[in-house]
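This report describes selected local features of one protein chain.

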Amino acid sequence: MKLGVNIDHIATLRNARRINEPDPLMALHFLKEAGADQVTIHLREDRRHITDFDAKRIIENSFLPVNIECSINPEIIDIICKLKPHRATLVPEKREEVTTEGGLDVIRLEKEIKNVIEKLKENEIEVSLFIDPDFEQIKKSAEIGVELIELHTGKYANLHLALNTNINQTPFKVFEKFDRKTLKKELELELKLIKDAAKLGVDLGLEVAAGHGLNFQNVKEIANIKEIIELNIGHSIIANSVFLGLKNAIIKMKELIG
């Protein structure tokens, strides 16, 4: 199982004080030493964490392949084509969201996405689509010419959080209306959906990755899905690095996913 480590939140911490540390570039050495397989960053339209300057330096200096998550905004795509990362993962994006909410609507945006895929491939950039574990979205992704999809695991992660922590007793309620029995059933259904979606993706000739909200507590069930070959995980690793150190946090995640 490959592990892509998203280092966005190193930049989030830096930007909170509007200074120059911690520098996301410094993470590259630790990712390599810990056995990460990929560096993942998200160049958002609002530049709330990673900036163009960060992205350029990371791509120029990374020991590992760089995967840039980005919207299909033409200005952003032009920047990606100039930066030339190993991969671009197309994601939905809203200015008001705290983090990416749900997957890209490939069916509704088919024409725009096909144009973006063509442009990226002309620049020798691999393309992935970040989508919900929805069968119709997977089928459409296979039709429009990508080789890789990344399944959004956010609902699974939130259900796991609500069932196994006290999150619903804090201001950050995620599934307030569900009792524990319902939460358990919903979690089982969502995990089965991800498994079936991953199998469908492989059956259609796609490689399948997954990510969003995965952490030390919930990652094993996703890592055990044989059709999934890669996980992209950021917030949990960066958060735990406060206590464990970045290298040790990555090593622990690598041990969990096998």
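## Cysteines

A search of the whole structure finds zero disulfides, a disulfide being a pair of cysteine sulfur atoms within 2.5 Å. C70 takes part in no disulfide, and its nearest cysteine sulfur, that of C81, is 8.9 Å away. For C81, likewise in no disulfide, the nearest cysteine sulfur is that of C70. C70 is buried, with a relative accessible area of 0%, and C81 is buried at 7%. Buried means under 20% relative accessible area, exposed over 50%, and partly exposed in between, computed with a 1.4 Å probe on protein chains only.

## Basis of the description

The model is predicted: local features need pLDDT of at least 70, side-chain atom pairs count only at pLDDT 80 or more, and totals for chains, interfaces and linings use all residues. Residues are numbered from 1 along each chain as its sequence is written, and side-chain values use heavy atoms, with hydrogens and water left out.

Helices (H or I, at least four residues) and strands (E, at least two) are DSSP runs, numbered from the N terminus.

## Packing of helix 2 and helix 11

Two packed helices are described by the angle between their axes and the distance between the axes. Helix 2, residues 27–34, packs with helix 11, residues 246–257, at an angle of about 35°, and their axes are 9 Å apart. Axes here are lines fitted to C-alpha atoms, for helices over the stretch in contact, and angles run from 0 to 180 degrees between N-to-C directions. The crossing of helix 2 and helix 11 is right-handed; a crossing has this hand if the near helix is turned clockwise from the far one by less than a right angle, and is left-handed if the turn is anticlockwise.

From helix 2, the residues A27, F30, L31, E33 and A34 meet L246, K247, I250, I251 and K254 of helix 11, where contact means heavy atoms within 4.5 Å. By class, this contact of helix 2 with helix 11 has seven nonpolar, no polar and three charged residues. Ala, Val, Leu, Ile, Met, Phe, Trp, Tyr, Cys and Pro count as nonpolar, Asp, Glu, Lys and Arg as charged, and the others, Gly among them, as polar.

L28 also has its place in helix 2. At 4% relative accessibility, L28 counts as buried. Leaving aside neighbours within four places in sequence, L28 is in contact with V39, I58, N61, S62 and F63. The C-alpha atoms of L28 and Q38, ten residues apart along the chain, are separated by 9.8 Å.

## Two buried arginines

R14 is found in helix 1 and counts as buried at 8% relative accessibility. A polar atom of the R14 side chain lies 3.3 Å from the backbone oxygen of H49.

R87 lies in strand 4, residues 87–90, and is buried, with a relative accessible area of 6%. The side chain of R87 makes a polar contact of 2.7 Å with the side chain of E126. A polar contact is a pair of N or O atoms within 3.5 Å; within protein, one must be able to donate a hydrogen and the other to accept it, and residues adjacent in sequence count only if both atoms are side-chain atoms. Residues up to four places away in sequence aside, R87 touches Q38, V66, N67, I68, I125, E126, S128, L148, E230 and N232.

## Backbone features in the loops

P22 is found in the loop between helix 1 (8–17) and helix 2. The peptide bond from E21 to P22 is cis, with omega near 0°.

The loop between strand 2 (38–42) and helix 3 (52–61) holds R47, which has a positive phi of about 55° although it is not a glycine. R47 is partly exposed, with a relative accessible area of 26%. E45 lies in the loop between strand 2 and helix 3 and is partly exposed at 24% relative accessibility. E45 and E75 are 30 residues apart in sequence and 8.9 Å apart in space, C-alpha to C-alpha. H212 is found in the loop between strand 7 (207–211) and helix 9 (219–223), and its phi is positive, near 115°.

## Helix 10

In helix 10, residues 235–244, the residues S236, I237, I238 and S241 are buried. The buried residues of helix 10 pack against strand 1 (2–6), helix 1, strand 8 (228–233) and helix 11. Helix 10 is followed by G245, whose phi is positive, near 90°.
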